[in-house]
Amino acid sequence: MLPNRCLMCHQHICSDNRGICAVCLQASIYQGDICLGCGRTLQLAMAFCGKCMLSNKLKVVAPCSYHQGLGHWVGQIKYQTQFAVIDVLVDALIVRINDLVSKECLVLPQALIAVPLHKQRLQQRGFNQAWLIAKALSSKLNIPLLDGCLYRTRATEPQAGLSGKRRRKNLHNAFELSTQINVQRVALVDDVVTTGATVNEIAKLFASAHIQVQVWCLARAEAPDCG
Ligand SMILES: [Zn+2]
Ligand SMILES: [Zn+2]
């Protein structure tokens, strides 16, 4: 059963079985407009800050920073199978997506694709947190989730603990598209985006297939080297 108390403040949640109460959630999500490239606060509602606009960055949409309260709970999905927070964070992500669409900073994708785990890792863990998140987004937004078109060609070292350069090297040619995808726009779904090495590597595959990619995640860890 899901806990009936907020995981963050431990107060009783009376509305429904959600892991985080509305007050904690509201205090922990981004409060204003955020650059979709680097995650920095923007003064005006735009997709990118000036720097990211020039460097042709991927759009990464998240409801919160990994460094503000909620990031810990996103980590708990993967490491402690704390699935109670998926629903509440997916809802917060959808609020952010809809806000960006209404400000014309984003166009909704025609399909969702979860960042895959290598089959060995999937067997060890028993689930792919990115897929669970993508599944929830797919049913709430009524956007199809494409399974089995993207896979990992080899087991890579865990990205955590590697430097930016080593992360990119670690992932080089680690993914493959197995089938043709008949849409023009997809959103790649992951739990956390840190340096963006994983999603950038996958985006290259889509770019060569002439498919536009945006990235949706539950939290982003703003890269310290991007400014
Ligand atoms: Zn709370
Ligand atoms: Zn930026």
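Among the 60 residues of the largest nonpolar core, Leu 89, Leu 188, Val 189 and Val 215 touch the most other members. Helix α4 supplies the largest share of this core, nine residues. A nonpolar core here is a set of buried Ala, Val, Leu, Ile, Met, Phe, Trp, Tyr and Cys residues joined through C-beta atoms within 7 Å. Buried means 20 or more other C-beta atoms within 10 Å of the residue's own, exposed means 12 or fewer, and partly exposed lies in between; C-beta atoms are placed from the backbone.

This is a predicted model: local features need pLDDT of at least 70, side-chain atom pairs count only at pLDDT 80 or more, and totals for chains, interfaces and linings use all residues. Residues are numbered from 1 along each chain as its sequence is written, while chains are lettered from A and ligands numbered from 1 in the order in which they are written.

**The sheet.** Helices (H or I, at least four residues) and strands (E, at least two) are DSSP runs, numbered from the N terminus. Four strands form an open sheet in the order β1-β6-β5-β2, with parallel pairing. Strands β1 (59–61) and β2 stand at the edges with a single partner strand each, so one side of each has no neighbour in the sheet. On average, neighbouring strands of this sheet are turned by 30° against each other, direction ignored. Two strands pair if DSSP finds at least two bridges between them.

Strand β5 is mostly covered, with eight of its nine residues buried. Four bridges join β5 to β2 (residues 111–114), and eight join β5 to β6.

| Residue | Bridge partner |
|---|---|
| Ala 111 | Val 186, in β5 |
| Ala 187 | Gln 214, in β6 |
| Val 189 | Trp 216, in β6 |

**Helices over the sheet.** β5, helix α8 (residues 197–208) and β6 make a right-handed β-α-β unit. Right-handed means that, with the strands pointing away from the viewer, the path from the first strand over the helix to the second runs clockwise. Helix α8 lies across β5 and β6 and runs at about 165° to β5. Helix α6 lies across β2, β5 and β6, at about 130° to β5. Axes are lines fitted to C-alpha atoms, for helices over the stretch in contact, and angles run from 0 to 180 degrees between N-to-C directions.

**Val 189 and Val 115.** Residues are in contact if their C-beta atoms, placed from the backbone, lie within 7 Å. Leaving aside neighbours within four places in sequence, the contacts of Val 189 include Leu 112, Ile 113, Val 115, Ile 133, Leu 137 and Trp 216. Val 115 lies in the loop between β2 and α5 (119–125). Val 115 is buried, with 24 other C-beta atoms within 10 Å. Not counting residues up to four places away in sequence, Val 115 touches Ala 130, Leu 188, Val 189, Asp 190, Thr 198 and Ile 202. Val 115 and Phe 175 are 60 residues apart in sequence, yet 9.6 Å apart in space, C-alpha to C-alpha.

**Helix α3.** In α3 (residues 70–80), Leu 70, Trp 73, Val 74 and Ile 77 are the buried residues. They cover an arc of only 105° around the axis, which puts them on the same side of α3. The arc is that of the directions from the helix axis to the C-beta atoms. These buried residues pack against α1 (22–28), α4 (84–102), α6 (129–141), β5 (185–193) and β6 (212–220). Exposed Tyr 79 and Gln 80 sit on the face turned away from the buried side. Thr 81 follows α3 and has a positive phi, near 45°.

Technical notes. Contact = placed C-beta atoms within 7 Å.
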